[in-house]
Structure formats: structure tokens, C-alpha cells
Amino acid sequence: MKSAFVSWSGGKDSMLVLHYALTAQWYDVKFLFVTIDRATQAVPIHQVPKALITRQGLSLGIHTRKLYLNWPLSNDLYEQLVIAEYKLMKTRGIDVCVFGDIHLKDVREYKEMICRKAGIEAVFPLWGRNSNDLVNEFLSLGYQAQICAVGHPDLPTSLVGSELSKELIASLPAHIDPAGENGEYHTFVWNGPLFKRPVERLSI
């Protein structure tokens, strides 16, 4: 079985690919790789505090590997820093990175480019799936998550802190991707089948 690390945000899509990788025994997952903004001590854009990411890893029994960045930063500098981290993974015998992307081709190609330069294989288990089906599968598996950030003008900021549910997804405007694949919203997973214990929920 190949060793892998998961590109991690603390949200539902990275959690779902971790679930697949472990339950189907696709990979031996060694790390959850996450970027942290030095200034806010949180995941950029998602705004999940570093401490909660650490607690996710502890509850899942998987080490979190954190790359600290001065956010925002140029693409060139981002690539240099991430490629260096990926190469370090490679020296440890880990040569696969698992991503939770669904259908943004340009984002996938960018991540594949970074992986290729580091000698890492990029895999996308959710690619091409229906967004609504994926969210419903995530919830049906028993995972629990909160909305941690919104990034679309047609979604109210009052959604932040709300529990992700099938009812909430069904209530979204028709032009909003149900999985928030275009950055419409982001999530923080605090409990589910792979967790040894629930993680502290976001304090909003």
C-alpha cells in the first residue's frame, strides 16, 4: 500500500477523501497537510483556527503537517514553499497527495503542476462527481460540520456557525454550487465516523 498525505483544510471535501482513502484502504495516510496564515494563526480563507486543525488530527489519529505563510503571497512564492514541503514528504517515502477538488479544471491543473515539480502523484477521488450527491453522501455517512466562512455575495454572513445539513443545502440559491466548489462557502468538520471523539466546535 502506498503512503500518502491529504491536502487538508479541515472541511468536508478533504474529510470525504480521507474517509475513502482509509475505509477502502487505498493509502496509508501519514499526514494531513494544511497551510496556516502566520498573522491570524488560522487556515487562510476558511478561517479555522490552528488549534482546531490540531485537534482534528489528534482525534483522527493522523499528524497534521502545517506550512506557515504570510498570507496573501505571490503564486511564485507559494509554489516554492509548497514544492519544498512536498519534496520533504517525498524524502520520507510519501509520494501521493490526495485532493478533494471536484470540478474546477484550472485549480486541478495548478495543483498537478506543483505535484509534478515535487515528484508527487496527485489524485482526485471526487473529480467529476455531482456536488449535491457528494454533500449528501458526506452527511449520510454521519459527519458533522459547520459553515466556517462564506465567499459569495448572495450568501449571508449569518450562515457562519450554522450546522451543515441537507435542509441547508436544499435552501441555497440555484446558482450556488451545493458543495461550495467555487468558494461560495467553506466548512469545518467536528465529528464523524473516523473521529475518536468530537472536536470542539467553532466559536462564532
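Predicted model: local features only at pLDDT ≥ 70, side-chain atom pairs only at ≥ 80, totals over all residues.

Mentor: Residues are numbered from 1 along each chain as its sequence is written, and side-chain values use heavy atoms, with hydrogens and water left out.

Trainee: Why are α1 and α5 called roughly perpendicular?
Mentor: Helix α1 (residues 12-23) and helix α5 (residues 131-140) pack at about 65°, with axes 11 Å apart. Roughly perpendicular covers 65 to 115 degrees (under 35 is roughly parallel, over 145 roughly antiparallel, the rest oblique), so α1 and α5 get that label. The axes are lines fitted to C-alpha atoms, for helices over the stretch in contact, with angles from 0 to 180 degrees between N-to-C directions.

Trainee: Which residues make that contact?
Mentor: Lys12, Met15, Leu16 and Tyr20 of α1, with Leu134, Val135, Glu137 and Phe138 of α5; contact means heavy atoms within 4.5 Å. They divide into six nonpolar, no polar and two charged. Ala, Val, Leu, Ile, Met, Phe, Trp, Tyr, Cys and Pro count as nonpolar, Asp, Glu, Lys and Arg as charged, and the others, Gly among them, as polar.

Trainee: What makes α3 oblique to α4?
Mentor: The axes of α3 and α4 come within 8 Å and cross at roughly 50°. That angle makes α3 oblique to α4. Among the residues meeting there are Tyr78 and Val82 in α3 and Tyr110 and Met113 in α4. By class, the α3 contact with α4 has nine nonpolar, one polar and four charged residues.

Trainee: Which residues lie nearest the centre of the largest pocket?
Mentor: Ser9, His46, Asp101, Val107 and Lys111, out of 37 lining residues. The lining divides into 19 nonpolar, 13 polar and five charged. A pocket is an open set of points on a 1 Å grid over the protein atoms alone, where a 1.4 Å probe fits, with protein on both sides within 12 Å along at least five of seven lines; lining residues have an atom within 4 Å of a point.

Trainee: Where is the cis peptide bond?
Mentor: Between Trp71 and Pro72, with omega about -5°. Pro72 is found in the loop between β3 (63-69) and α3.

Note on methods:
Helix = DSSP H or I, 4+ residues; strand = E, 2+ residues; numbered from the N terminus.
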